[in-house]
Structure formats: C-alpha cells, structure tokens
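Me: I would like to learn how to read a model of a protein with a ligand, one feature at a time. Could you take me through the one shown here?

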Amino acid sequence: MDLKTRYMGLQLENPLVASASPLTRELDSLKRLEDAGAAAVVLPSLFQEEIEAETARHEHLTSAHDDSWPEGLSNFPKLANAQHGPHEYLELVRRAREAVGVPVIASLNGINDEGWTSYARQLQQAGAHGLELNIYFIPADLAETGRDVEQRYLDILRAVRTTVSIPVAVKLSPYFSSVGNMAMTLHDAGADALVLFNRFYQPDLDLARLQVLTDLKLSEPNEIRLPLLWLAVLAGRTRASLAASTGVTSAEEVVKYLLVGADVVMTTSSLLRQGPEHMATLLAGLKAWLQAREFTSLEHVRGIMSQRSLRDPQTFERANYLKILQGYRQPDPVSGRRPVAV
Ligand SMILES: Cc1cc2nc3c(=O)[nH]c(=O)nc-3n(C[C@H](O)[C@H](O)[C@H](O)COP(=O)(O)O)c2cc1C
C-alpha cells in the first residue's frame, strides 16, 4: 500500500501528522508518535510574547542605569520566567531533530510583524524542516477592518518568508469573508502550505459563579465539516499543500479529509485523549479502508470528492443549502425516525 504524500515540499511516508500540542513538546512522546506511524510532527508554538519577554529581559540585564522592571515583562509575568523561552525552544528543535527521523516542523505564534519574526531564521538554523505560522488574532478592536486583518497575516508571512528558506505553512482562520481568496493570496505571498483551520478557543460562562470559563475542550468529529467544505473547494485549485486540521477522532475523519483533497491530516485531540499510540490505530484504519475498496495508493483516492471532481460541484454551494433546508423533516416523536424527503 503506497501512502506516500508530499506536504510543503517534504516527502512523507503517509499523510498523518501530529499537530502542535503538549505531546510534541516531550522527546518521549515524539518518539512514541514516530513509532506509531506519525509521518511528521509539528512542535508546540513559540509565542511572540515569549520572544518579546526574553528580549525585554535581556535589555534590562544589559542596561547599567535602569533599575526598573521592564513593562513588557510585567505584562507577561508567567512567560518571563517560563521554562519555555526562545532558548529552550531552540533546544527543543535540536533535540527533536536528533530524537526522531521524521520531519520536524517548528511553530511560531504571533499577531504582528515586529522584530520577533526574525526568530524564524534561528529555528531554521536549529534544524527545523519547516515552519508553521499560527496567527491567533481576535480583532476585538472595532476600528480594525477585514482588510486590516488580512494585511496583518500577509505582513507576518512576508516578514518570516524573507528570513528563511525552509517551507512555511500558515494555520488559517476560518473567519475570513472570503476564505478561498485569502488562501490563494497567502500562497502568492509565499505560503507553501495552508492548515485548515486554526481552532479558536471560545469562552463560556459559569452561571453559578458568574465567571468566564476559559477551559479548553478537545474537538469532536462533527467539527470536521467546516474544514471539509473549504478543503473540498480549494483542492486542485491552489498549488499550496493543504493540511486538514480539527476534529479527527477515528480513521473515518482521516479518510473523509483525504477524499476532499487534503495532502496531510493532522490531529491533536485524539492523541491527547488516547495517547500517542492512537496514531497507529488511525493509520491501520486508513489502510483497512483503502484495502477494502482495493485501492493500492493514496493517490487513487485523494481529492476524488473535491468540488472539482464532483459531477455536481454545486453540492458544496448555495443550491445544496436550499435543498438541505427544504428537505429537513421533523423526526417522528414515537419512533425517532425522520420521514424521507420527497
Ligand atoms: C492542549 C493544546 C495545546 C495546543 N498548543 C498549540 C500550540 O502551541 N500551537 C498551535 O498552533 N496549536 C496548538 N494547539 C492546537 C492544535 O494544534 C490543533 O490545531 C487543535 O487542537 C485542533 O486540532 P484537533 O481537533 O485535532 O485537536 C493546541 C491544542 C491543545 C488541545
């Protein structure tokens, strides 16, 4: 069974990639992921705030006349003394490279193109095979327009692109007015790959304590639907590699993402729930699905259900939306079955 795939210029043995998470911070779990079949790993992000806190601390220590604690540090008290500063991160990249044979993708996480982006070069020098940019930005400033937000992404990408020669991926937000056009624009600006999508963590309220809940919920399989739509629309229409990310729980989601045209499929939640060895279950499930249908290569199935390949491309568009709404039937209160739409 030939499961080989190319992602952001890297040749991978199969399409399964462990996305950024605490599991990819530890050498032990990185090795377990590789043993279980992960074809590449994305390290957890190095955050802009961590780099800025380190820079501020350095400036403070080297300034002979200034006894005050730098403002940048007091804004990020935890990060300032974290064990996860830029130096530790570079060390993680080096040690991950030594520990595993699969490609190691470093991740930078920030919201503007100020000095921190030059750090990308150090990640390349430390041995990263590729770089993923996570621009986790919530435009809560109501004066910031959609175009401003798009420009922010492009500025960061271009700033990073000028400092490195390794491939760069952008972990994309699903909240652009025109996701497809933004994807194409990012590719034109130098993104070798697009990760669909970044998962924005949304708050809830605790009604008993009247507090904002910021707990982190792992993803569920029904969350694949939004990335599935956009992968289906983009597949075969951009030269950027496409990574599916969010909602993978079993091989079923992996197969669906590949059918609509993903080059690789990423997972975090399933690995956090089940442990790194779950990667082997996903891989076995993918192989079993292909074998049962007598496919001998991933290439035979990738994208066969993308918008370009479907006989009725409208399936992914408005016409189908109307059909779905009009075809909805209330389930029978006794049997729970839905009458068949005619
Ligand atoms: C505990 C935890 C830590 C994460 N850390 C990062 C990170 O450092 N950088 C990043 O880009 N994404 C991070 N993510 C997001 C994941 O990489 C992934 O995009 C997200 O969980 C959706 O994929 P999933 O549905 O497979 O979990 C983290 C997710 C979790 C649950």
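**Reading the ligand site and the backbone**

Reply: Let us begin with the shell around the ligand, whose residues divide into seven nonpolar, eleven polar and two charged. Please keep in mind throughout that this is a predicted model.

Me: Which residues of that shell come nearest to the ligand?

Reply: A residue belongs to the surroundings of a molecule if one of its heavy atoms lies within 4 Å of it. Of the 20 residues around the ligand here, the nearest are Ala20, Ser45, Asn134, Ser219 and Ser269.

Me: Which elements each supply at least two residues of the shell?

Reply: Strand 4 (40-47) and helix 11 (269-274) each supply at least two residues of the shell around the ligand.

Me: Where does the ligand sit?

Reply: The ligand sits in the largest pocket.

Me: Let me return to Ser45; is this residue buried or exposed?

Reply: The reasoning needs a cut-off, since buried means under 20% relative accessible area and exposed means over 50%. Ser45 has 9% relative accessibility and therefore counts as buried. Ser45 has its place in strand 4, and a polar contact of 2.7 Å joins its side chain to the side chain of Ser107.

Me: What does the side chain of Asp206 reach?

Reply: The side chain of Asp206 reaches the backbone nitrogen of Ala208, at 3.0 Å. Asp206 is placed in strand 9 (residues 204-206), and it counts as buried because its relative accessibility is 15%.

Me: Turning to the backbone, which peptide bond is cis?

Reply: The angle to inspect is omega, and the peptide bond from Leu196 to Phe197 is cis, with omega near 0 degrees. Phe197 has its place in the loop between strand 8 (193-196) and strand 9.

Me: What is phi of Thr246, and what is phi of Glu294?

Reply: Phi of Thr246 is near 115 degrees, which is a positive value in a residue other than glycine. Glu294, which is likewise not glycine, has a positive phi near 60 degrees. Thr246 is found in the loop between strand 11 (241-245) and helix 10 (251-259), whereas Glu294 lies in the loop between helix 12 (278-292) and helix 13 (318-326).

Me: Why does Thr246 count as buried, and why does Glu294 count as exposed?

Reply: Thr246 counts as buried because its relative accessibility is 13%, and Glu294 counts as exposed because its value is 72%.

Me: How many residues apart in sequence are Gln151 and Gly110?

Reply: Separation along the chain and separation in space are to be read side by side. Gln151 and Gly110 are 41 residues apart in sequence, and their C-alpha atoms are 14 Å apart in space. Gln151 lies in helix 7 (residues 146-161) and, with 36% relative accessibility, counts as partly exposed.

Methods
Residues numbered from 1 in each chain as written. Predicted model: local features only at pLDDT ≥ 70, side-chain atom pairs only at ≥ 80, totals over all residues. Heavy atoms only, no water. 1 Å grid on protein atoms, 1.4 Å probe; cavity = no way out; pocket = protein on both sides within 12 Å on 5 of 7 lines; lining within 4 Å. Sits in = over half its atoms within 2 Å of the grid points. Helix = DSSP H or I, 4+ residues; strand = E, 2+ residues; numbered from the N terminus. Nonpolar A, V, L, I, M, F, W, Y, C, P; charged D, E, K, R; others polar. Buried < 20%, exposed > 50% of the residue type's maximum accessible area, 1.4 Å probe, protein only. Polar contact = N/O pair within 3.5 Å; in protein donor to acceptor, adjacent residues only side chain to side chain.
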